[in-house]
Amino acid sequence: MKPLAHYRRWLLLPLALMIPKVAIAQQVIPPGTLMLAGYRATCGPVGAEVREIDDLAASWGGRIYLSPRVFALPRSQQLFWYTHECAHQIFGPDEAVADCWSVEQGRIQGWLNRAEFAALEAKLRRLSGDAMHANGPMRVANVSRCFYR
């Protein structure tokens, strides 16, 4: 016969599953203090906020928004997405410009080498695109021109 504790565990499991999970708290990060994989990521006077959003990163209203999922990416991809959103703060909504400036900055600053760029291209190639973003192969063609000029 199994001990009573064994049955109690199975009775409590459904109750535990019904307890709401704590949402990831919004975290506002002042300008110049964001650390991405050990690298201080800055975008002038623009602050950042970590919060659940549909995309990996976004930019509006003078702030860069990062999904918590960004922090699971390789360092160069974390910095690519942050810098992409910084480019929107500087240059406006053009996605091709933001992609290009981000890879150029990565190359110049040394956080995006050829091997990391190949991994980024593979990730971008899988994106389907939408009303604002070109499809993956088009984005790859654009960032390749920018990275290798």
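Rings of Phe, Tyr and Trp (its six-membered ring) form an aromatic pair if their centres lie within 6.5 Å; planes under 30 degrees apart are stacked, those over 60 are edge-to-face, and the rest are tilted. By this rule the count comes to 6 aromatic pairs. The structure is a predicted model, in which local features need pLDDT of at least 70 and side-chain atom pairs pLDDT 80 or more, while totals for chains, interfaces and linings use all residues. Residues are numbered from 1 along each chain as its sequence is written, and side-chain values use heavy atoms, with hydrogens and water left out.

One of the pairs joins Phe 80 and Trp 81 edge-to-face, at 4.8 Å centre to centre and 80° between the planes. Phe 80 has 0% relative accessibility and is buried (buried means under 20% relative accessible area, exposed over 50%, partly exposed in between, with a 1.4 Å probe and protein chains only). Trp 81 is likewise buried, at 9%. Phe 91 and Trp 101 also form an edge-to-face pair, with 5.6 Å between centres and 70° between planes. Phe 91 lies in helix H2 and Trp 101 in helix H3 (residues 95-109), so this pair ties together parts that are 10 residues apart in sequence. Helices (H or I, at least four residues) and strands (E, at least two) are DSSP runs, numbered from the N terminus. Phe 91 is partly exposed, with a relative accessible area of 44%. Elsewhere, Phe 117, Phe 147 and Tyr 148 form one aromatic cluster.

Helix H2 has 17 residues and reaches 24 Å from its first C-alpha to its last, close to the expected 24 Å, a span taken as 1.5 Å times one less than the number of residues. Of these 17 residues, 13 are buried, so H2 is largely enclosed by the rest of the structure. Gly 92, with a positive phi near 100°, follows H2.

**Salt bridges**

A salt bridge is a side-chain nitrogen of Lys or Arg within 4 Å of a carboxyl oxygen of Asp or Glu. The count by this rule is 4 salt bridges, and the table includes three of them.

| Pair | N to O distance |
|---|---|
| Glu 49 and Arg 63 | 2.7 Å |
| Arg 139 and Asp 99 | 2.8 Å |
| Arg 149 and Glu 104 | 3.4 Å |

Arg 149 is in the segment after H5 and Glu 104 in helix H3, 45 residues apart. Arg 149 is exposed at 64%, whereas Glu 104 is buried at 17%. Salt bridges that share partners join Glu 49, Arg 51 and Arg 63 into one network. As for the bridge between Arg 139 and Asp 99, Arg 139 is buried at 6% and Asp 99 is buried at 2%.

**The largest pocket**

On a 1 Å grid over the protein atoms alone, a cavity is a set of points where a 1.4 Å probe fits but cannot get out, and a pocket is an open set with protein on both sides within 12 Å along at least five of seven lines; lining residues have an atom within 4 Å of a point. The largest pocket has a volume of about 400 Å³, the volume being the space filled by probe spheres set on the points, which are joined across faces, edges and corners. Its lining comprises 21 residues, of which Asp 55, Ala 57, Trp 81, His 133 and Arg 139 lie nearest the centre. H2 gives the most to this lining, with 4 residues.
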